[in-house]
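Dear colleague,

My findings follow after it.

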Amino acid sequence: METQLVLEKWAGTISAMVIGAEKKDGGSRAHTVKIGGQSSLPLLFKEGGIPNPPAIAFEIWDIPPQDWSEELLAPYGKSIENPFDWADKCVNEFKAQLLCVKMQGAHPDFGDKGPKEAGEFISALLKKVSVPLIILGSGDDAKDNLILPACSEAAKNERCLIGCAVQENYKTLVGSVLADGHNIIAESPIDINIAKQLNILISDMGLNLERIAINPTIGALGYGLEYAYSIMERARLAGLSGDKALASPFICFVGQESWRTKEAKVSPEQGIAWEIITATSFIQSGADLLVLRHPKAIQKVSEYIGTLFKKQGNNLRG
Amino acid sequence: MFVVGELINGMYSNIGSAIKERNKKEVQKCALDQIACGADALDVNCGPASRQPLVDMPWLVETIQEVTDKPLCLDSSKPAVIQEGLKASRNKTIINSTTADQDKLDILVPMASKYQAQLIGITIRSKGIPQNKDQRLELAAFIVANCQEQGFSVEGLYLDPIVLPVNVAQSQMKDILESISEFKIISGPGPKTILGLSNVSQGVLLRSLINRTFLTMAVAYGLDSAILDPKDKELMDALITAELILNKNIYCDSYLEAYRKKLNS
């Protein structure tokens, strides 16, 4: 006898977000990346639509990274010394579809780059590569409030994803993102109540909820992965049940969290494995966008996503 | 919670005169104000003073439909008046209401089917008001059985245990609350439940406080819908908070705002 599947019919849909703008939309990107838009829990293909598979972004910095391990730097070779060469290598050699650039060089402790210089860097990067961009601040709120508006303006109409807005500091970034036509990352500290609150605060400023991606703040395998996992599950269940303030796609910074574990530093193979396992776990809990570091991990996670979606006869680019 | 705004009623002086003077603006303002405060549907009642309810009801329906597509809860004890309202409706409709009297059910259940309206059944009959929970359940089962026999889906039925003023029937309040949860197990799928809330505070001093306390308790008993004054902000705040405590929505500091903006559905 054939087993009867029990299927849930959900009232809500996760927001669909487009990152990048092609020429016809006023930008200059060669393609766009779509995330979200699903009306089903992760990978339950029979339950509802899953139009877009999880996307992967390569993480790069605007300066040579200070604290990346040798194993992590090795695959990028000499290119790591120049952010434009690094970006070029990601796109042309490793076939990156999406870059996530962290403006670490603007941090007061890492070069203290000013707004003008930061804006010029983004303009040059947009000329160098034609993939869509995710732009992250340096992590210093006061400084990011100066440089992110400059980066946003330099990338006007390119429909980037820019972050991170936090509950105590979101207004400046929301203003810029609104003015320049981008999407925003809303970050909450593994806290579903704050994630919901921040989405409401941002939408109160006039930015449509469909333009927000949630950064739930994750931990790597062995470092609180399950806490973020359960928060994401709960938010996704609420979003699918019709809570529009939680129906946002998730962005997970898997690379940075995986490579800071002491296990990742033991050997290159173990570091790569740590990044892969952390990423694939979060795909199960609903991650829509994974920011990763090691090209080999990215290749493996891409294959994993490909297999999951191919098996179900689903169209990868829905 | 499905909130039905109660303020379009000829019993209120502003609506009474608006009907008389055919003042559309006043009625439409009342409709939009209630929706802005969180009403999901609007009760429409010509009031006892209407001399020509057969004409006033469709006029109210058409007037309201000009500004909203929210469901309309056509409120009259006269089936002919309800029928005139149904004929004029483009919006979804709810018939308010049938009693547990056979003659009423024989007219209103087929009418609900014909116009694809939902139906409110009040557990009361011409012989009198029920005195306890068992009598309410008996009348509820009678209404449900009638709907089933006539092929009307119980999913489109709201049962009202008939709320009495607290100063008149204090001993019945607990029975009324318990009826809410017990109505739902009469059939599977079960009927929905509704209350005409304001009746609980007729003739008492602290109306708003009693309304919101009773509503909060009714929510805990599983109430699906209430006919109430959505412009009573403290009442709506209590309702939203009661649903939050029952884990129907995820908490955030702006949960009242999130509800009012219909971010939770």
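What covers the buried residues of α2(A)? Please bear in mind that this is a predicted model. The cover includes β3 (55-61), β4 (99-102) and α3 (115-128) of chain A. Helix α2 of chain A spans residues 83-92, and its buried residues are A:Pro83, A:Trp86, A:Ala87, A:Lys89 and A:Cys90. These residues lie on the same side of α2(A), because they cover an arc of only 160° around the axis. In general, residues three or four places apart in an α-helix point the same way, since there are 3.6 residues a turn.

Between the two chains, twelve residues of chain A are in contact with eleven residues of chain B. On the side of chain A that touches chain B, helix α6 (residues 192-204) of chain A gives the most, with five residues. That side of chain A consists of six nonpolar, three polar and three charged residues.

Within chain B, two helix pairs deserve a description. In one of them, helix α8 (residues 207-220) packs on helix α9 (residues 233-245) at an angle of about 20°, and their axes are 9 Å apart. The two helices α8(B) and α9(B) are therefore roughly parallel to each other, and the crossing is right-handed. Their contact comprises seven nonpolar, three polar and three charged residues. Among those involved are B:Leu215 and B:Val219 in α8(B), and B:Leu235 and B:Leu239 in α9(B).

The other pair is helix α6 (residues 133-149) and helix α7 (residues 173-183) of chain B, which pack at an angle of about 35° with their axes 9 Å apart. Here too α6(B) passes α7(B) in a right-handed crossing. From α6(B) the contact draws on B:Lys133, B:Arg136, B:Leu137 and B:Ala140, and from α7(B) on B:Asp175, B:Glu178, B:Ser179, B:Glu182 and B:Phe183. Five of the residues in this contact are charged, three are nonpolar and one is polar.

A cis peptide bond, with omega about 5°, joins A:Gly163 and A:Cys164; A:Cys164 is found in strand β6 (residues 161-165) of chain A. In chain B, B:Asn96 and B:Ser97 are joined by a cis peptide bond with omega about 20°, and B:Ser97 lies in strand β4 (residues 93-98).

A:Asp112, in the loop between β4 and α3 of chain A, has a positive phi near 55°. B:Ile162, in the loop between β6 (157-160) and α7 of chain B, has a positive phi of about 60°. B:Ile162 counts as buried because it has 22 C-beta neighbours inside 10 Å, whereas A:Asp112, with 13, counts as partly exposed.

Yours sincerely

Conventions
Residues numbered from 1 in each chain as written. Chains lettered and ligands numbered in written order. Predicted model: local features only at pLDDT ≥ 70, side-chain atom pairs only at ≥ 80, totals over all residues. Contact = placed C-beta atoms within 7 Å. Helix = DSSP H or I, 4+ residues; strand = E, 2+ residues; numbered from the N terminus. Nonpolar A, V, L, I, M, F, W, Y, C, P; charged D, E, K, R; others polar. Axes fitted to C-alpha atoms, helices over the stretch in contact; angles between N-to-C directions. Left-handed = near helix turned anticlockwise from the far one by under 90°. Parallel < 35°, antiparallel > 145°, perpendicular 65-115°, else oblique. Buried ≥ 20, exposed ≤ 12 C-beta atoms within 10 Å, placed from the backbone. Arc of directions from axis to C-beta.
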